[in-house]
Amino acid sequence: MRVLLIANPNSTSQSAGLFRRIIPLLRSVEGLRLTGRFTHHPGHAEEICTGLTRDDVDLVVVVGGDGTVNEALNGMLGPVGEDTPEAADLPALAVIPTGSANVFTRALGFPPDPVAATAMLASLIRADLRRTICLGTWNERWFAVNAGFGMDADVVARVDEARTLGFAATPLRYLAVCLLVWTRAQLRPPRIDVTATAPDSRTLSLQRVPLFVASNTNPWTFLGPLPVVTNPRNSFDRGLGLFGLTSLQGLRGAASMLHLIGFGHRTVIEDWIRGRTVQFDDASEVLLECPEPQPFQADGEYEGEFARAHLGSRRDVVEVYAPRQAYPVASRTWRQVVRDVFRIH
C-alpha cells in the first residue's frame, strides 16, 4: 500500500517526539510504503493533494487538525461540480489528530490521543476497514465538519488572530472570546436569512436569525473535553444538521448560548428556551443570505466575509478508515472538566 503522510507542523500537539512514536506504528503494517511531506503555509495541504488519484497513492494520512483535513479534501476533490471524482478513483483518507479540536476524527470514532489513534489506524489498515461518508459543500468548496455565518465564525476569526500573536487556542480562550462576541452581538446582532430543503420535501425558512450553523457530524464540535451536540441524529451518513438561535437577548438568550455549547439540557431549561432554538435534520440544500457581509467559517477555519453562501450535502464522496464502533468516551467529573477547560497548554 502506497501511503502519503501530510503533516502540519503548526498543529497544536505535534512534535518530533510524537513522530518517533507514531511512525513505527504505521511502518509495522506489512506492505506499507510511506512517504511524508510537511506543510509550509496555509493551503499547502490542498496544493499537495490537488489532482491525486488512486493511481498515484492508495491512502492519504493527515497528521493535523480539522483545517488540514479540509485542505486535503478540497485538494483531492477539486471545486464542487458535476465532474467531482468518484470515491473509488480517489485515495482513501485517514487522520491522526494533532489539532486543537479534532472533531472529524472523534466523530469517526477515533480516540483523541494521537498515539492511540495511530495504533487504531494501523489495525484498521491491516483489516481494510473503511467506509464512504457524506461531505458538506459551501459555494464551490467542501467541508467535513461544520460551516456557518455569524457568531461562530467571528469566534474562529478572533481565536485565529490570537494564535498569530502567539497565544494558544485553549478552551478557556474560546470561552472568553465567546463571551466577548456574545456581548457585542447584544448591540448589533448578525441578521441571517435561511432557506433549506430536505430530500423528503421538508422545508425551513427563517429571517434575521443572529446565529446559524450547519454540521456534517455529531457532535458539532468540542469545547475542550465537552462535546457540543446540536443535532443528535446527525452523522456522516445523512444530510446536514442545521441549528439556529432566533434571539440572543436577555437571560433566555444567554441560556440558549449555553445550550449550544452543551449546558442546560434539563427538560425545564429546554422548555424555557424552546422558542429560541431551531433544529432541522438531513438538509440537502441551504441558502444563507445577509444584508451585509458577515464572517464565515468552514471546519473551524475563518474563510472571510460573505453576504451569501449556498450549502449542500453530497453522499458517498470519499472513503475513510474508521472503526465499526466508536472509541468509548470516559465519563468525567466536574473537577476534571474544569481542569481541562482551564488548562493553558
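These notebook entries record what I looked up in the structure, which is a predicted model.

**Entry 1. Cysteines**

I searched the whole structure for disulfides and found 0. Are Cys-49 and Cys-134 buried or exposed? Cys-49 has a relative accessibility of 0% and counts as buried. Cys-134 has a relative accessible area of 3%, and it is buried because the cut-off is under 20%.

**Entry 2. A pair of strands**

I turned to strands β8 and β9. In which sense do they pair? Strand β8, residues 192-197, pairs with strand β9, residues 203-209, in the antiparallel sense, and the pairing runs over 5 bridges. I noted that Val-194 stands opposite Leu-206 in β9. The two strands form a hairpin, with 5 residues between them. In the turn I looked up Ser-201, which has a positive phi of about 80°.

**Entry 3. Salt bridges at Glu-319**

My search of the whole structure for salt bridges gave 10. One of them joins the side chains of Arg-54 and Glu-319, at 3.0 Å from N to O. Arg-54 lies in the loop between α2 (44-49) and β3 (59-64), whereas Glu-319 is in strand β16 (residues 301-321), so this pair ties together parts that are 265 residues apart in sequence. Both Arg-54 and Glu-319 are buried.

The side chain of Glu-319 also meets that of Arg-130 in a salt bridge, at 3.1 Å from N to O. Because Arg-130 belongs to strand β5 (residues 130-138) and Glu-319 to strand β16, the pair ties together parts that are 189 residues apart in sequence. How accessible are these two partners? Arg-130 is partly exposed, with a relative accessible area of 32%, whereas Glu-319 is buried, with 17%.

**Entry 4. Arg-233 and Asp-281**

I next looked up the salt bridge between the side chains of Arg-233 and Asp-281, at 3.6 Å from N to O. Where do the two residues lie? Arg-233 is in the loop between β12 (226-228) and β13 (240-245), and Asp-281 is in strand β14 (residues 277-283), so the pair ties together parts that are 48 residues apart in sequence. Arg-233 is exposed, with a relative accessible area of 53%, whereas Asp-281 counts as buried at 16% relative accessibility.

Notes
Residues are numbered from 1 along each chain as its sequence is written. This is a predicted model: local features need pLDDT of at least 70, side-chain atom pairs count only at pLDDT 80 or more; totals for chains, interfaces and linings use all residues. Side-chain values use heavy atoms; hydrogens and water are left out. A disulfide is a pair of cysteine sulfur atoms within 2.5 Å. Buried means under 20% relative accessible area, exposed over 50%, partly exposed in between (1.4 Å probe, protein chains only). Two strands pair if DSSP finds at least two bridges between them. Helices (H or I, at least four residues) and strands (E, at least two) are DSSP runs, numbered from the N terminus. A salt bridge is a side-chain nitrogen of Lys or Arg within 4 Å of a carboxyl oxygen of Asp or Glu.
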